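Here is a short briefing on one protein chain. Keep the sequence and the coordinates open while reading.

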Amino acid sequence: MNMRLATIGFVCLCASVVSAAEYKTEVFIPGNGFHGIHGISCDADGNIYVGSVVGQAIYKVDPATGASSVWEGPANGMADDIEIAADGRLYWTSFILGKVHTRLGDGPVTELATGLPGINSLALKQDGRLFATQVFLADALYEIDREGKKPARKILADMGGLNGFDFGPDGLLYGPLWFEGQVVSLDVDRIELRVIADGFKIPAAVNFNSKGELFVVDSARGEVVKVDVRTGKKKVISRVRTGIDNLAFDADDNLYLTIMNESAIYQVDVDTGKTRMVKEAKLGAPQDIAIQGDTLYLSDTFAIRAIDLKSGKVMSMARVPEHELEYSNGISVRGGDVHQASYFNSAVQTLDRRTGEILKTYHDLVTPFDTLETDDGRLLALQMMNGTIVELIDEEKRATVVEGLSLPVAMVRAGANSIYVTEYMKGDVVRVDLASGAKDIVASGLNQPEGIAVGRDGTLYVAEVGARRVVSIDPVSGKKTVISEDLPIGFKAAPGMPPMGGTTGVAVSDSGEVYVTSDLEDAIYKISKK
């Protein structure tokens, strides 16, 4: 180690100066803590249960007031879909864990099946048998042993993404083929599949009411559609908003649906099409942020948002699945372009900052956690798992720029041909020369640093997630100053996910206010001097 690095390391390992009292921390955009919701079901008493994959939880919701509580928390509570049996027992799919779980009342959680990555939707047949499908990470239908003694039995594969399905009064399975734009029926014993309706953009789920009427939600169009199972005739009964994930009827035939992008629950009158909001947030599951001028750009997992810093107005630039947007976790902005990274989809995308149009998509990257455009117009992607930064020359060609980083999470421009990078496990902020790949330690001893931003005077701001605080860092001396502490950050990642889960984003405005995302509350906080 040379003397320069040794000196900086000594300074940075000293205790941080605490001057949070000089700053005030306030909520800029509130959240509801659902982290994006998917599956929905209703019990005999009319209570609503919704599930979250990112939040790894099932929430119990009062449909009259929207009041909610955690019914089953992380990690077993991860639920993409939920089914409730006549005795009140809940069954659910844990998408990332690849498991099917069940629980009755206050009893323990029981694992019924495992080894099923992408297990997505499930439903009980009238004879009591339980069926579930894999979607996105695989494409198959299984019968699940309700006792958990026998392995899942594969029935059919390669259907086209059989998502939220239900059994009709005739005993047939009815469900949407996500990738085909169709609704099909299936005899699960004879293995006979028939298309009953098509022309959907992205049908996400179906459900029957007590009258035997079939309703479908088209997630990309934000529509609730009634389908005649005999003729295939369709009637749009309500247009809500895009991102509808699932739907369920209660015992009185009240229809409820979930919208993942805003963690919303809506009630829909199937006769009039009128809607009532039960619960909704402005954001879904916020992650990285960037600022240009008076606008904050947000990587919100299921959407890219533009937020006016003066009014707080939230606008959606692009939404999953209305647009061909990949699930988002990293973001940067330069000139007329917004760049976003998606580790889940192994992709980086460029959007038009003014229209939200997706201009380019780069696939087959290795856990891309962040992306930025350099001063000379090169687009870089930070690959977390292999510790590299690559230049995206075109949609297929890449060139390695930097190697040897230790679980890097975020990067920001540091001047001409250099960047700052946070290293999560080592607790370092390093300055990287993009010409040579050389790395200099700017600050050490940080507790799980994630998001990073640079103020107009060159001061660095870092989300020190392991300590639940934001610090400012002098880039010359490495001196750290705590500007906000006891923040609601540091949501524990699910097993099988990157250790940081996503990115706790940090951005600084031209006037010096610092913004940080909360992965516990799904909110954005503003930090400013008193």
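Buried means under 20% relative accessible area, exposed means over 50%, and partly exposed is in between. The model is predicted. By the accessibility rule, Phe136 is partly exposed because its relative accessibility is 38%.

**Phe136 and the surface patch**

- Phe136 sits in the loop between strand 12 (130-134) and strand 13 (140-144).
- Phe136 belongs to a nonpolar surface patch, together with Leu137, Phe179 and Phe344.
- The accessible area of these four residues together is about 390 Å².
- Phe136 also has a positive phi, near 80°, and is not a glycine.

**Sheet 11-12-13-14**

- This open sheet has four strands in the order 11-12-13-14, with antiparallel pairing.
- Its edges are strand 11 (119-124) and strand 14 (153-157), and each of them pairs on one side only.
- From one strand to the next, the twist averages 25°.
- Strand 11 and strand 12 run antiparallel and are joined by five bridges.
- Within that pairing, Ile119 has Gln134 of strand 12 as its bridge partner.
- In general, strands of a sheet pair through backbone hydrogen bonds, in a parallel or an antiparallel sense.

- Four bridges hold the antiparallel pairing of strand 7 with strand 8 (residues 90-94).
- Opposite Ile84 stands Leu90 of strand 8.

- Most residues other than glycine have a negative phi, and most peptide bonds are trans.
- Ala75 is placed in the loop between strand 6 (68-72) and strand 7.
- The bond from Val320 to Pro321 is cis too, with omega near -10°.
- Pro321 lies in the loop between strand 30 (314-319) and strand 31 (330-334).
- Arg468 is not a glycine, yet its phi is positive at about 55°.
- Arg468 is in the loop between strand 44 (460-464) and strand 45 (469-473).
- With a relative accessible area of 35%, Arg468 is partly exposed.

**Salt bridges**

- How many salt bridges does the model hold? The count comes to 21 salt bridges.
- Glu111 pairs with Lys99, and their closest N and O atoms are 3.1 Å apart.
- Glu111 is in strand 10 and Lys99 in strand 9 (residues 99-103), so this pair ties together parts twelve residues apart in sequence.
- Glu111 is partly exposed at 37% relative accessible area.
- Lys99 is partly exposed at 24%.
- Asp294 forms a salt bridge with Lys310, with the closest N and O atoms 3.6 Å apart.
- That pair links distant parts of the chain, 16 residues apart.
- Asp294 is in the loop between strand 27 (289-292) and strand 28 (295-299), while Lys310 is in the loop between strand 29 (303-308) and strand 30.
- Asp294 is partly exposed, with a relative accessible area of 42%.
- Lys310 is exposed, because its relative accessible area is 71% and the cut-off for exposed is over 50%.
- Arg305 forms a salt bridge with Asp300, and the closest N and O atoms are 2.8 Å apart.
- Are Arg305 and Asp300 buried or exposed? Both Arg305 and Asp300 are buried.
- Arg305 and Asp300 are also part of a salt-bridge network that includes Arg241, Glu262, Glu280 and Arg319.

**Lys360**

- Lys360 lies in strand 34 (residues 358-362).
- Its relative accessible area is 41%, so Lys360 is partly exposed.
- Leaving aside residues up to four places away in sequence, Lys360 touches Val348, Gln349, Thr350 and Glu395.
- Lys360 and Ser346 are 14 residues apart in sequence, and their C-alpha atoms are 14 Å apart in space.

How values were computed. Residues are numbered from 1 along each chain as its sequence is written. This is a predicted model: local features need pLDDT of at least 70, side-chain atom pairs count only at pLDDT 80 or more; totals for chains, interfaces and linings use all residues. Side-chain values use heavy atoms; hydrogens and water are left out. Patches are made of residues with over 30% relative accessible area and no salt bridge: like charges are joined within 9 Å, nonpolar side chains (Val, Leu, Ile, Met, Phe, Trp, Tyr) within 5 Å. Accessible areas come from the Shrake-Rupley method with a 1.4 Å probe; for residues, only the protein chains shown count as cover. A salt bridge is a side-chain nitrogen of Lys or Arg within 4 Å of a carboxyl oxygen of Asp or Glu. Helices (H or I, at least four residues) and strands (E, at least two) are DSSP runs, numbered from the N terminus. Buried means under 20% relative accessible area, exposed over 50%, partly exposed in between (1.4 Å probe, protein chains only). Contact means heavy atoms within 4.5 Å. Two strands pair if DSSP finds at least two bridges between them. Axes are lines fitted to C-alpha atoms, for helices over the stretch in contact, and angles run from 0 to 180 degrees between N-to-C directions.
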